[in-house]
Amino acid sequence: MSQESVEKFLGRLITDDDFRELAKNSVAKASIEYGYTLTAAEQKILQSLDFDSFIFLASSIDRGIKRHGGNI
């Protein structure tokens, strides 16, 4: 289950600007608020990511697959 949560978390970083901003400030809070079950070790690893890289990646994908206003 945890690997699936990590993959979904990473995908959401790319497709959801609001989520990415929340996660940049607190991976733990973002994972709880959005229902991702992550271990403490996974949270620590994710918190160390370069979130600016996700901003760049998000800007290069088609808006048709991005979330708007945090909606699913």
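This report describes the fold, the helix packing and the nonpolar core of a predicted model.

Residues are numbered from 1 along each chain as its sequence is written. In this predicted model, local features need pLDDT of at least 70 and side-chain atom pairs pLDDT 80 or more, while totals for chains, interfaces and linings use all residues, and side-chain values use heavy atoms, without hydrogens and water.

The chain contains five helices and zero strands, taken as DSSP runs (helices H or I, at least four residues; strands E, at least two) numbered from the N terminus. The C-alpha trace spans about 30 × 25 × 20 Å along its principal axes. Of the 72 residues, 31% are buried (under 20% relative accessible area, 1.4 Å probe, protein chains only).

| Helix | Residues | Residues in the contact |
|---|---|---|
| H1 | 2-15 | Leu10, Leu13, Ile14 |
| H5 | 51-59 | Phe51, Phe54, Leu57, Ala58 |

Contact means heavy atoms within 4.5 Å. The axes of H1 and H5, lines fitted to C-alpha atoms over the stretch in contact, lie 7 Å apart at an angle of about 60 degrees.

The largest nonpolar core has 13 residues; such a core is a set of buried Ala, Val, Leu, Ile, Met, Phe, Trp, Tyr and Cys residues joined through side-chain atoms within 4.5 Å. Phe9, Leu13, Phe19, Ala23, Val27, Ala30 and Leu38 touch the most other members. At least two residues of this core come from each of H1, H2 (17-25), H3 (27-33) and H5. Beyond its neighbours within four places in sequence, Ala30 is in contact with Phe9, Phe19, Leu22 and Ala23.

Methods:
Axes fitted to C-alpha atoms, helices over the stretch in contact; angles between N-to-C directions. Buried < 20%, exposed > 50% of the residue type's maximum accessible area, 1.4 Å probe, protein only.
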